[in-house]
Each structure stands twice: as C-alpha cells, then as structure tokens.
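Here is a short tour for someone meeting this structure for the very first time. Have a look at the sequence and the model, then read on.

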Amino acid sequence: VITYVSCCLIAAAALLIYLYLPVRSRANPPLDWGNPETLANAVRHIRRVQYDFMFSQYPRSAGRFLGQMAVYGRFWLSEFGPGFSLLGAAGLAVLGRRRPAFTLLLLASALLVLGGFSFWQNFEQTREWLWVMRVFGLPAYYVTAVGMGCALAWIANRGQTGFRTALCLGLLFVLVPVVLHYERNDKSDYYWARDYGANILLTLEKDAIYISESDHGSFSVLYLQNVYGIRPDVENLRKYGYLESPLFREMPDSMRDRTGPFPPRRHEPEMIAWLLEHTDRPVYMAKPVRLPTAEPVRYVPAGLLFRVLRPGEAPQDQDYWSLYQWRTLSPDNTRDDYTAEVILYEIELARAQALLMLSREPGEDAKLHQAGALGHIEAALEMYGRDPVVLNNAGVLCARYGLYDEAGAYFEEALGTLPHLAEARRNLERVRERMRSRRPENSTGGPDNMNPI
C-alpha cells in the first residue's frame, strides 16, 4: 500500500511542473508557445487545443487502432533487436509471477501512453506520422529495460555459470544497441538544420518577414537569431504553428475577433493579405498560397523560399543557390535522418516550382522547363521515398501548372498505397474534372483549390 500511495504522490508532484508555465511565460522568452500567463491560456496549452483537429480528421476503426499498436510493436522490436526485446518480455513474465501487481503497473504505464496517444492522434501510417509518433514508445522501452534486468537477475541466480552468463548478456545489452544504432545517432558533424536555417537567413532582405512551413525551417532560424544573434532584423511569423506578431495588433477589432489570439490555418491567407497591405516590409514564404489581396500579388522564386511581390515591386536579380553553403548536403550522409531527407526533398521541390513558374513567363520554353521540373519532382520523391503524402503534394504541384496527366498519376499512386487518403481522392476527382473541361489556369501562378498535406 505504501508503494502505491508513494507512486500517487510522486505523480501528483510531477503535475506541479505545470505551475512553472505561467511563471516562465511572464519573462517573455524567445519561445512562448500559447502565452500561458492566464488560466485559460495555460489550460489551452496543456490540453493541446491547437491539435484537437487530429482527433477527428481521420476515420476510426478497431482494425486501424490495432494496426497503429502493431506499429509500436515493430518499433519495440527494432529498438533492442528481436532477441533482446523478447528476453525483456520474458523477464517481465518472471517478475509477473513474483510481483504481479507491480508488473501490471509497469505494463499499464507503458500501454496507457501507447494506446492513449494512438487513440488520440489516430495517426496515419505515413513516414512523417511514424516519425512524430515514435517518441511515445519510450515508456515501453523503459519497461522492457526493467524486464531485461529481471531476466539477468534470474539467470545470475542459477549459480556461477549463470552469473557469468548474466554478466556477458548485460554487456551485450549495452554494446549491441550502441553498435547497431551508432551511426544513426552520431550527430558530431550534423549540420543539416543549421545550414538550412543559415541559408534561409541569407535569402532574406533586410527587415524581412519570414513565414515558415516546418519545424526545421522555423526553429533553426530562431536558434541562430537568439543564440548567435544572427539577423535579428528578420521576423519569423510562425514560431508556434500559428501566425503570431506584434504587427497583428493593428488589425481591425472585427478581424482580430474572427482570427483569435491563436489563429487557425484557415485564417492565415487573410492575415497575410492584411499584412502585405499594411506594411512595406519584404515578405518571404516557404510555400506560396492564394492570398485575398485587394490588388493581385505574385510570387517569384528566391532560392529555398518565395518572395511575395506587391504591385510595383521588382524581384531581386540574385542567384541564391550559388550563395548557399552546405557542409553535409549529400544523400549519402543523411544517416537515415528524417529532417535531413526532408531538407533534400524540399530543395528539389523548390527547384521544381521555380521552373514551373518560369514556364509561364512569356518567351520561355514551357515544355523544357516543365520537363526539368518533373525531373526535380522525381528527385524529391527519391530523397523522401514515395510516401502517399508527398505523392499527393507532388500531384498538387503538377496540377497548379496544368500538368494534369502527371498530377493524376501521382494521386492514383498515392491512393494505391493509402486508399482512404481523402485529400488525394478529392484532388484526383478535381483533376479528372479539369481534364474533361480544360478550364484555364489561374494566371497569378498561385495554388488552386487542390489540397496539399
């Protein structure tokens, strides 16, 4: 009883860490996600209200949930190797015979996290989702380590030979995972994110506003600004997954009431449009979106980014790619790291979109630029893998510039891998409709109503 009361008290004490949130937030740190200085904001932050959409965005079924739990089974087996994983499970079985209640507590603590987050996130089995969800397997790994210790203790109690066997196995428990995973975890010369952020800052004009679309695009810039003091003139509008800036305090009350202090994505185009019309600062975006501006704006490629040009603004005549510096930009040096491979993918996709934009310029060889763009799209898919999400995004990019046959092929391939991917199915229907009607494209070069992911 004392053990379980102590566990409850420890758990209650651990919750007190949330009291630090409003204290630290009042210091206005460089990252102040959700501004949890008030009770309402703190509760919103702890509840992850920003991500509530995840609970209902995908279909649910018992089979889907069991498939998600099977994913963690594969993670578990790959973490230690099948032999050691199963030995850890055997050790938990030994512990279960001696202390069943404690063993049940251990297993419940692991399965509650796995099952709870699988149920809440209801993730797809796509590469990005698997990368995001892998972290929730940590409690199961801790419990497996306890099981390994129990297995070693049982073997060591089998006499002198058993003790030597347990000692050897114990060393192997440590050494084998280190050898198996050393290369993937050795970050001694990992410069992918840092170089990516440095090259983004190199792209931006003085006093530029930067709107990122990824963690590595945002946090790398924030790190370089706040730790190294590089380019403090640049303002990153997406530090928290939602747009946030002192500039938005000047928006009309009706607009601020509509968008709220933590604006959902659906309000971003009108917020960016307002910003363009009420500031003369240069605006760069990682991904072009259609903007409801009073006067039409256009996008021009700027290396890794896209510069938004207001009426009367001219693009800079700059070869950004020749200015960029990379220390580890090679597919052979990603070490199966997700962020590194995403960066390679984004570079190829940015080059593809730049060529597609150029294909619409008067006097340019459209067919030649389109062929080059398709080559970069295929290179991007090779870097990332032909995952249904990026296949859908490749199709969206093709459809924006009238390459409907290629777009349809990408959507069909995505659905062949993930048949219930709603965005790809809707996009395929729209492409087929446009191929039948051959409607003219949007002359601004902005995205149409296709759905990237």
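## The cavity

The largest cavity holds about 40 Å³ of space. A cavity here is a set of points on a 1 Å grid over the protein atoms alone where a 1.4 Å probe fits but cannot get out; grid points are joined across faces, edges and corners, and the volume is the space filled by probe spheres set on the points. A search of the whole structure turns up one cavity of 30 Å³ or more.

Which residues line the largest cavity? They are Asp 189, Tyr 190, Trp 192, Thr 328, Asn 333 and Arg 335, where lining means having an atom within 4 Å of a point. By class, that makes two nonpolar, two polar and two charged residues (Ala, Val, Leu, Ile, Met, Phe, Trp, Tyr, Cys and Pro count as nonpolar, Asp, Glu, Lys and Arg as charged, and the others, Gly among them, as polar).

## About the model

This is a predicted model, where local features need pLDDT of at least 70 and side-chain atom pairs count only at pLDDT 80 or more, while totals for chains, interfaces and linings use all residues. Residues are numbered from 1 along each chain as its sequence is written, and side-chain values use heavy atoms, with hydrogens and water left out.

## Rings that meet

There are 18 aromatic pairs in the structure. Rings of Phe, Tyr and Trp (its six-membered ring) pair if their centres lie within 6.5 Å; planes under 30 degrees apart are stacked, over 60 edge-to-face, and the rest tilted. Tyr 72 and Phe 123 are edge-to-face, because their centres are 6.2 Å apart and their planes at 85 degrees. Tyr 72 sits in helix α4 (residues 62–80) and Phe 123 in the loop between α6 (100–121) and α7 (127–133), 51 residues apart. Helices here are DSSP runs (H or I, at least four residues) and strands likewise (E, at least two), numbered from the N terminus.

Tyr 72 is buried at 4% relative accessibility, and Phe 123 is buried at 1%. Buried means under 20% relative accessible area, exposed over 50%, and partly exposed in between (1.4 Å probe, protein chains only). Another edge-to-face pair is Phe 80 with Tyr 141, at 6.1 Å centre to centre and 85 degrees between the planes. Phe 80 lies in helix α4 and Tyr 141 in helix α8 (residues 138–156), so this pair ties together parts 61 residues apart in sequence. Both Phe 80 and Tyr 141 are buried.

Note on methods. On a 1 Å grid over the protein atoms alone, a cavity is a set of points where a 1.4 Å probe fits but cannot get out, and a pocket is an open set with protein on both sides within 12 Å along at least five of seven lines; lining residues have an atom within 4 Å of a point.
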